[in-house]
Amino acid sequence: MDLVEIRRDLHKIPEIGFQETKTQAYLINLLDAFPQERLEIVRWRTGIAVKVKGLNPGRTIGWRTDIDGLPITEETGFDFQSEHPGYMHACGHDIHMAIAIGFLDKLVNDPIDEDAVILFQPAEEGPGGALPLLEWLKQERTDFLPDEIYALHIAPDLPVGTVGTRPGLLFANTSELFIDLHGKGGHAAYPHLTQDMAVAAAALLLQLQTIVSRNVNPMDSAVLTVGKLSAGTVQNIIAEHARLEGTIRTLNNDSMQKMKQRIEAICRSIEEGYECRLSIDYGSSYLEVNNDDQLAEKFLGFAGSAEGIQAIRSEAAMTGEDFGYFTAEIPGLMFWAGVDSSHGLHHAKLNPDERILDIMPAFLHQFFKQL
Ligand SMILES: CC(=O)N[C@@H](CCC[C@H](N)C(=O)O)C(=O)O
């Protein structure tokens, strides 16, 4: 099975959340080509759930991979660059999927005792596929519901062969943030007759940046990032509309609620001060990823003595992951897997080292075998 070719094929067809139709079709083709005796394959929206029957099953062990891409224009110059203009697998989900296929291949050819379920989950980057997938499993496919669940995320800053995780909190609690500002636009030469939403948005952006520095307890951690700011239509018309698009990250839900209260208070003050109307939409939110303590220790112990693998204890990160919905209900573990890329996650030049594809499926197979 040529996992490099599979990864490159998938890299060419990045699709955003719940639009992964080509990706799903490509994966289904691969899955249909496996010997089917031990397999059960079910589609869920644009995702797929695959069960591999174990030899002597007492429980179901889950593996989750995400499958969506990002709205970023690729700048890698790869000869297998994205064929979807404006979209790219810039978070490594192409690598995640190829690893899952390689792992499945091992499970089919050398079955383990327990039943294994591989979840190809859509929409990790947004609006979030994990929560509705989990609801579907609980309501309609309890036979596919894992008793414990695992996942990895590529780590650009770690060498290939290194895996890292920690007991407890690994990733942050997140909420998207969209703020629309509406005022009265007009001629660039008559600002006194307008309420300029470009100026109001600039003031809002700067004030939002005081929340982490002035309102969050310095012993806690939080992030408020505005990744996109837009206003107006042309250079000589005062903007009647502006929009901020961002994300909020905290370590727990209490801090998230406090951040939201401050955002709302600042928005009210902008309305008052700039005579405009603001609306806030929090989009989708993800629970923090909390690794099960015992699973984390078992994993680090196993990885520490596995051939060709180096195990490290990672720090928690302000990254978000809807895998947190799984770990809130099922004992679960997520870990970083090194890919030694000179560019980071969500970068247009992300270039993971494909040698991870030689290592990871066999490592996962050995790990699942001894669970
Ligand atoms: C692993 C990773 O990079 N995940 C994303 C998740 C984004 C969630 C949501 N769209 C948001 O922006 O809050 C991340 O940006 O951390």
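Helices and strands here are DSSP runs, helices of at least four residues and strands of at least two, numbered from the N terminus. The model is predicted.

**Exercise 1. Describe the stretch that UniProt lists as "domain: Peptidase M20 dimerisation".**

Step 1. Find the range. An unreviewed UniProt entry gives residues 179–273.

**Exercise 2. Work out how α5 and α6 pack, and which residues meet.**

Step 1. Take the geometry. Helix α5 spans residues 197–215 and helix α6 residues 253–274. They pack at an angle of about 150°, and their axes are 10 Å apart.

Step 2. Assign the hand. The α5 and α6 crossing is right-handed.

Step 3. List the contacts. From α5 come Ala200, Ala203, Leu204, Gln207, Leu208, Ile211 and Asn215. They meet Met259, Arg262, Ile263, Ile266, Ile270 and Tyr274 of α6.

Step 4. Sort by class. The contact has ten nonpolar, two polar and one charged residues.

**Exercise 3. Classify the crossing of α3 and α9 as parallel, antiparallel, perpendicular or oblique.**

Step 1. Take the angle. The axes of α3 (residues 93–109) and α9 (residues 356–369) cross at roughly 45° and come within 8 Å.

Step 2. Assign the hand. α3 passes α9 in a right-handed crossing.

Step 3. Inspect the contact. α3 contributes residues including Ile95, Phe103 and Lys106. Among those of α9 are Met360, Pro361 and His365. By class, there are eleven nonpolar, two polar and two charged residues.

Definitions and conventions. Residues are numbered from 1 along each chain as its sequence is written. This is a predicted model: local features need pLDDT of at least 70, side-chain atom pairs count only at pLDDT 80 or more; totals for chains, interfaces and linings use all residues. Axes are lines fitted to C-alpha atoms, for helices over the stretch in contact, and angles run from 0 to 180 degrees between N-to-C directions. A crossing is left-handed if the near helix is turned anticlockwise from the far one by less than a right angle, and right-handed if clockwise. Two residues are in contact if their C-beta atoms, placed from the backbone, lie within 7 Å. Ala, Val, Leu, Ile, Met, Phe, Trp, Tyr, Cys and Pro count as nonpolar, Asp, Glu, Lys and Arg as charged, and the others, Gly among them, as polar. UniProt positions are given in the numbering used here, feature names are shortened, and annotations may be inferred rather than shown by experiment.
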